[in-house]
Amino acid sequence: TGDDMLRRRQFHFAQVQEIYYQQPPQIERGWQHHLIDIRGRSYLDMMNNVTILGHGHPEIAAAAADQWQLLNTNSRFHYEVLGELCSQLSDLAPAGLDEVLLVNSGTEAVDLALRMAGAATGRSAVVTVKEAYHGWSMGSDAVSTSLADNPSALETRPEWVHLAAAPNTYRGIYRGPDSGPRYVADIARQLSELDSRGIAVAAFISESFYGNAGGVPLPREYLAGVYELIRARGGVCIADEVQVGFGRLGEYFWGFEEQRVVPDIITVAKSMGNGHPLGAVITTREIADAFRGEGSFFSSAGGSGLSCRIGLTVLQVLERENLQRNATEVGAHLKAELLHLMETHHIIGAVHGMGLYLGVELVRDRDTLEAAREETFAICERLRERGVIVQPTADRQNVLKIKPPLCLSMSSATFFVQQLDEVLTRGW
Ligand code: PMP
């Protein structure tokens with residue numbers, strides 16, 4: 001039964017992460033933006049930011065099955081889908097970012113990006129912003145500052161990592177979309193201080209939209225200002241597009257387009273494989289060349305025939321089903337409806353983000369911005385009872401994470417808003 005399965009999981013699956021919900025539904029099947037449990041009950045999936053095309057996409061399943069039978073070997077061999085995927089990714093990236101390395105996850109992509117930045121500069125110092133998540137390996141965890149994932153993140157930091165203020169325009173040290181220059185001035189001061197200690201920076205890493213904070217946009221001109229400071233010192237700029245990239249923003253394929261910058265290294269994963277483990281680093285020839293010969297790099301499954309075929313099919317379906325446009329249209333509708341809820345429900349402090357990369361920040365007081373953490377968990381439970389899956393995110397766990405598959409329909413978006421409205425009206 002479902003209860004036995006849950007007990008077995010709790011006994012044998014190392015308890016290093018919490019399971020969602022006090023009474024978790026046992027999910028059996030996924031279809032588009034729906035999850036179906038063992039009792040046949042359907043849930044609207046408002047938060048799976050990996051399955052960009054939706055769950056159970058028949059074309060991905062068919063392509064995967066075909067490739068499994070045909071060939072699945074590693075990137076030391078030459079096969080068509082590998083070259084094809086790398087060339088399509090470099091076409092999608094800005095001019096000059098022509099080299100691709102394939103891995104299995106966002107964590108690996110970030111780790112590799114940090115190593116490449118080290119190789120290209122001969123340095124190790126990295127600047128990362130607070131309240132960010134970039135992965136769980138030694139390297140990516142070191143630049144992850146999210147307190148939700150690791151409450152002692154800011155205390156146990158390797159000495160090569162330097163922290164910059166969280167450029168959170170809603171609740172950071174400076175607020176509002178025009179606060180960019182003030183954050184940049186702070187980083188300029190930090191870098192001068194490092195200069196005076198003889199510490200040269202290898203890289204700056206950030207998301208282009210603040211994912212861990214719940215989809216808060218960076219202040220205007222923030223990345224342009226920071227990138228200039230880093231490049232003036234010979235460092236490289238890494239855009240972590242693992243969550244925000246690949247059309248989720250609707251209007252922009254890449255998050256950094258919104259900031260009008262071009263990074264030196266892009267990391268991608270999640271959406272790229274629609275749930276199959278697949279990630280990539282996209283960078284310049286110069287950086288890739290510097291990395292060659294610096295330690296080893298080979299991934300047994302990264303860039304396998306199977307992964308590449310899935311990656312290519314994801315790109316094909318994304319385009320043919322116009323999912324980026326759907327993210328723009330359904331996302332705009334959803335955001336407008338959520339903003340409308342703010343008028344009646346004072347617990348909603350802000351609706352962040354764009355496209356289908358949204359966050360509803362819940363606060364006890366719109367002036368003090370006191371985080372409504374317990375309320376957010378309770379609201380998620382009530383929504384689950386009503387057939388909607390959504391989760392708390394951000395350092396204070398007070399933001400409803402709304403990052404559904406990009407096939408989300410208008411009617412499902414409306415259903416979600418209605419359910420949220422009712423939960424907020426009736427209480428949680
Ligand atoms: N970077 C960002 C911005 C992420 O959101 C995540 C995953 N939440 C990662 C890196 C790590 O990706 P993965 O879980 O695939 O290792």
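## Exercises: a sheet, its helices and a ligand

Four strands make up an open sheet in the order β13-β14-β17-β16, with antiparallel pairing. Strands here are DSSP runs of E with at least two residues, helices are runs of H or I with at least four, and both are numbered from the N terminus; two strands pair if DSSP finds at least two bridges between them. This is a predicted model: local features need pLDDT of at least 70, side-chain atom pairs count only at pLDDT 80 or more, and totals for chains, interfaces and linings use all residues. Residues are numbered from 1 along each chain as its sequence is written.

**Exercise 1.** Work out which strands helix α11 lies across.

*Solution.* Start at residues 373–385, the span of α11. This helix lies across β14, β16 and β17, at about 155° to β16. Angles run from 0 to 180 degrees between N-to-C directions, with axes fitted to C-alpha atoms, for helices over the stretch in contact (C-beta atoms, placed from the backbone, within 7 Å).

**Exercise 2.** Describe which classes of residue surround the ligand.

*Solution.* First, count the neighbours: 14 residues surround the ligand, Ser-105 and Gln-243 being among the closest (C-beta atom, placed from the backbone, within 6 Å). Then sort them: 4 are nonpolar, 7 polar and 3 charged. Asp, Glu, Lys and Arg count as charged; Ala, Val, Leu, Ile, Met, Phe, Trp, Tyr, Cys and Pro as nonpolar; the others, Gly among them, as polar.

Notes
Two residues are in contact if their C-beta atoms, placed from the backbone, lie within 7 Å.
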